[in-house]
Amino acid sequence: MTATAVTEQEKGKFAAFFESVRNIRREGWGSIEGYVFILPLVAMWMLFSGYPYIRGILIAFQDYRMFKPETWPILASFCGFENFVKMFKDKAVIQGIKASFNMWAWTVPFTFALALFTAVMLNRVRNPKLASLYRVLITLAWVIPEAAAMPMWTYLLDGNVGYVNYFLRDTLKIWANPPAWTSDFFWYWIAIAVASIWKGFGWNMLLFLLGLYNIPSELYDAAKIDGANGLQTLLHVELPGIRNIMLLYLVTNVGWVGGGLVNVWTFGTGPQAIGRTLSLYSWQVSFQGTARMGYGAAMNFFAGVCNLILAGLVFKLFPTEKA
Amino acid sequence: MNLPRINKTIKRVLLHVCLILIASFGIFPFIWTTGSSFKTLEEFYELKPSLLPRNPTVMNYVYVFRGIGEGGQSSGAAYMLILYRNSIYTTVVSTLLTVAIASLAGYAFARLKFRGRDAIFYFFIVLMFLPAGGTLMALYTLMRTLKLIDKLWGLILVYTGGGGTALFLMRQIFLNIPSEIEDAAKVDGANSLRIAFQIMFPLATAGMVLVGIMKFMGGWSEFILPQTFIRSADKMTLPIGMWRVTTIANNLAQARTLPSPGVTYTVMLLVVLPAVLVFVFMQKWFIRGAVEGLKL
C-alpha cells in the first residue's frame with residue numbers, strides 16, 4: 001500500500017513467509033494477548049477474503065452455474081482448462097481485452113502526467129491556506145461515487161444538449177462541429193478517458209504531494225545554495241524524492257487486463273458496446289442470463305495472472321531504492 | 001522593479017493560472033450539476049444552456065423528497081430517504097467495525113511479539129499478491145450459504161472483511177510511533193493493556209481517522225458489491241438506487257413524465273453531497289494522518 005510496504009514486499013515476500021514459518025519453532029510465546037487482538041480481523045478476513053479467494057480459483061476450473069445446484073460441488077462439474085479454451089474462441093472476450101487496453105492506454109499515462117504536474121505545482125504554493133483550498137478543489141472529484149460522477153459526464157458530453165459542446169462551439173467558438181462524444185467510435189474513448197482522469201487524478205496527486213511534503217527541507221536548501229534553478233530542483237531533488245511513489249503508481253496501474261469495470265458500467269459502454277471491458281463482460285456472464293459463474297471466474301483469473309506478470313516485470317525493471 | 005523580480009512575479013502568476021485551470025476542471029461538473037438542479041423545465045429546452053440557472057427553483061428538490069419511486073415515477077413513499085438510510089447504516093457500521101478491528105490487529109502486528117506473528121502477517125501479504133480469480137463469484141456462493149444475500153448485514157460484513165488495506169495502514173502507523181514512549185510507560189510499571197489502550201491508541205488517532213475516512217469513502221461509493229448481493233429495491237444503497245433512478249428517469253424525462261431533467265441532477269447532487277461534506281471537513285485530519293503516519 002505505502003511505498004514502504006512495497007519495498008518490504010519486494011524483499012521477497014515468499015522467502016520472508018517461509019522464513020517466518022520456519023522461525024515459529026524457535027519463537028517464545030511472547031504476549032499472548034496478541035492473539036486476542038488479531039482474532040476479529042483474522043476471523044473476518046478468513047471468512048470473507050481468504051475462503052472466497054481460494055474457492056474463487058477453483059470455480060474457474062468448474063462449469064459452475066448459479067441456477068443449477070447440481071453443478072455446485074467441485075467434483076461434479078470439474079472441467080479442467082475448458083473455460084480458458086472457450087474464452088479465446090469467444091469474440092466478446094477478445095473485444096473485452098481490446099476495450100480494457102484502450103481504456104488503460106487513454107487513461108493511465110495521462111492521469112500520471114496530470115497528477116505529477118499538479119503535485120509539483122501545488123508543492124510550490126507557499127501560502128498554506130491557498131494550498132489547502134487548491135488541494136480540496138482538486139481532490140474533490142475523488143470522493144464522488146462513480147455512479148454519480150460518470151453520469152455527470154455523460155450528460156455534460158451529450159452530443160445534442162451537452163454543455164461541453166455548447167461551450168466549445170458557441171462560447172469559445174474554437175470548434176465549429178464538435179463530435180457526439182458518447183456515441184462515436186473514436187471519441188467515446190476520449191470521453192470516458194476524460195471522465196476517468198477527472199475522477200482518478202486527484203487521489204494520485206495527493207499521494208505525490210504527500211511524498212513531496214516528506215522530502216526533508218535541507219535538500220531544497222542545499223539545492224538552493226548550489227544555485228539550482230526550478231527545473232534542476234525538480235530533476236535532482238523532487239523526482240528522486242518521490243521515486244518510490246511513482247513506482248507504486250506504476251505497479252498498481254500497470255495491470256490493464258482486468259481494468260475498467262465501474263467506470264464503464266456507469267458511463268455506458270458506447271456504440272455497439274465497444275467499451276465493454278473484460279471484467280464487465282465477466283460480471284455479466286457470471287450474474288446475468290444463465291449465470292455461468294465458472295466461465296466468468298476463468299476470465300478474471302486470466303486477467304489476474306496477466307496483471308501479476310506485468311507487475312512482476314515492473315519490479316524487475318525498476319528496483320525500489322532502499323531508504 | 002528589476003528584472004529578476006519581474007521574472008519571479010511572472011512565474012508566480014503562471015503557477016496560479018495553471019492551478020486555477022486544473023481546479024476549475026476539477027469542480028466544473030459540480031457547478032454544472034448544482035446549477036442544473038435548480039433549473040426549471042423551460043430552461044432545459046432552451047438552446048443556450050447556462051452554467052447557473054436564470055430562474056432558480058427548488059421544484060426538483062421538492063419532487064425528489066416528496067417521493068420519487070424506484071422506477072423514477074412519483075410514488076407515495078420517499079424512496080430517496082430509504083436509500084439514504086440504507087447507505088448511512090451500512091457505511092457507518094462497517095467503517096466503525098473496520099477501524100476497530102484493524103487498529104487492534106495493526107497494533108498487535110506492529111508492537112506485540114507473539115509466536116507466529118510474522119508467519120501470519122506474511123501469509124496475508126502472500127495471499128494478496130497471488131492472482132485473484134472468481135473471488136466475487138465465490139463470495140456470492142458463501143453469502144448464499146450463510147443466507148446473507150439481499151441483507152444489509154451481509155453487505156456490512158463483506159465491507160468489513162474485505163481487503164487488507166486498513167490493516168497495512170494501521171500497522172504502518174503503529175510502527176511509526178517512537179518506542180521511547182512505550183519504554184517509559186513500561187518503566188513506570190504500566191501493564192500491557194494500559195499501554196495499548198491508554199497510550200498507544202490515542203497516539204494513533206490521526207491514523208485511525210485516515211483509515212476511517214478511506215473506508216467511509218470506499219463504502220459510500222461501492223458499486224459492485226451491492227449490485228451483486230442486493231436484490232430488492234428497498235434494500236439498495238444510495239449510489240446504485242439513484243443511478244438506476246437517474247438512468248431510468250432520464251429516459252422518462254424524454255417521454256415527459258418527469259417534471260424536469262433537473263430531477264436527475266438533483267438526485268446526483270444528493271448522492272455526492274455527504275461524501276463531499278465528510279471530505280471537506282475531514283481533509284485536514286486526512287492530510288495530517290497521512291503525513292504523520294505513513295512516511296510515504
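This is a predicted model: local features need pLDDT of at least 70, side-chain atom pairs count only at pLDDT 80 or more; totals for chains, interfaces and linings use all residues.
## Nonpolar cores

The largest nonpolar core holds 188 residues, and the members with the most contacts inside it come from both chains, namely Phe208(A) and Phe267(A) together with Tyr107(B), Phe174(B), Phe229(B) and Met242(B). Helix H9 of chain A, which spans residues 187-213, supplies the largest share of this core with 17 residues.

## A nonpolar surface patch

On the surface, Leu250(A), Val305(A), Ile309(A), Leu313(A), Leu317(A) and Phe318(A) form a nonpolar patch whose accessible area together is about 530 Å². Helix H15 of chain A (residues 293-317) contributes the largest share of the patch, with 4 residues.

Val305(A) is located in helix H15 of chain A, and this residue counts as partly exposed because its relative accessibility is 31%, a value that falls between the 20% limit for buried and the 50% limit for exposed residues.

## Chain B

Chain B contains 14 helices and 0 strands. Of its 296 residues, 56% count as buried, while the accessible surface of chain B amounts to about 12900 Å², with 67% of that area belonging to carbon and sulfur atoms.

Among the contacts in chain B with a separation of 6 or more, 71% are between residues 24 or more positions apart.

Terms used. Residues are numbered from 1 along each chain as its sequence is written. Chains are lettered from A and ligands numbered from 1 in the order in which they are written. Side-chain values use heavy atoms; hydrogens and water are left out. A nonpolar core is a set of buried Ala, Val, Leu, Ile, Met, Phe, Trp, Tyr and Cys residues joined through side-chain atoms within 4.5 Å. Buried means under 20% relative accessible area, exposed over 50%, partly exposed in between (1.4 Å probe, protein chains only). Helices (H or I, at least four residues) and strands (E, at least two) are DSSP runs, numbered from the N terminus. Patches are made of residues with over 30% relative accessible area and no salt bridge: like charges are joined within 9 Å, nonpolar side chains (Val, Leu, Ile, Met, Phe, Trp, Tyr) within 5 Å. Accessible areas come from the Shrake-Rupley method with a 1.4 Å probe; for residues, only the protein chains shown count as cover. A salt bridge is a side-chain nitrogen of Lys or Arg within 4 Å of a carboxyl oxygen of Asp or Glu. Contact means heavy atoms within 4.5 Å.
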